[in-house]
Amino acid sequence: MGNGHLDKFPLLWEGDSIGELAVERESLYTWFDVRCRLPGEGLWCAWAVGEGGSLRLGVLEPSGREAGIRRRFSHRMTEPLGKLVRGEIRPAADGWEEWKSVPDPETVFRAPWLRKRLRGMEGALILRPGEGRRYLALPYDSKRPFPLPTLFCLASVRTLNGVRYAVFAFDEEERPVFQ
């Protein structure tokens, strides 16, 4: 991290500490560094919780049964939190029900390049968790060509309801983004 003051807070899931939230203030910015073990499969978000509210830090990047994320936010974004008290992880969605099956995934997107690549794909799921983000899950089998190979570096492989998927995130303008 930088040369600011480092504070550490417990990272909670359903009241139990499963990791740590390290926070460092550096001039006009605050760095948040989360490390934890995952309580289960699926997409998980890290949150900074203060006396004045909470801030979504983003989707945790898994590595085996553990995960982490490191993000920087401006003072303007962190000031409403007030005094920080803890970190939390929460499901990126409230469960499997949030994922919607889409028989023709190309009809969900406007971007011509993406519509073209999705044409004819089967078994797709879509998730819209808010904040302008949209997630697309395409069935993944390591013995077959990777779905959307041009976005390979931005995908995460997840198991949803017992099925393996390559999950891609897109911003409000349908640009692929890191999860």
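Buried means under 20% relative accessible area, exposed means over 50%, and partly exposed lies in between (1.4 Å probe, protein chains only). The model is predicted, so that local features need pLDDT of at least 70 and side-chain atom pairs count only at pLDDT 80 or more, while totals for chains, interfaces and linings use all residues. Residues are numbered from 1 along each chain as its sequence is written, and side-chain values use heavy atoms, with hydrogens and water left out.

**Exercise 1.** Determine which parts the salt bridge between Asp7 and Arg25 ties together.

*Solution.* First, the closest N and O atoms of Asp7 and Arg25 are 3.0 Å apart. Next, Asp7 lies in strand β1 (residues 5-13) and Arg25 in strand β2 (residues 16-26), so the pair ties together parts that are 18 residues apart in sequence; strands here are DSSP runs (E, at least two residues). Finally, Asp7 is partly exposed at 22%, and Arg25 is partly exposed at 38%.

**Exercise 2.** State how many salt bridges a search of the whole structure finds.

*Solution.* The search of the whole structure gives 9 salt bridges.

Methods. Salt bridge = Lys/Arg side-chain N within 4 Å of Asp/Glu carboxyl O. Helix = DSSP H or I, 4+ residues; strand = E, 2+ residues; numbered from the N terminus.
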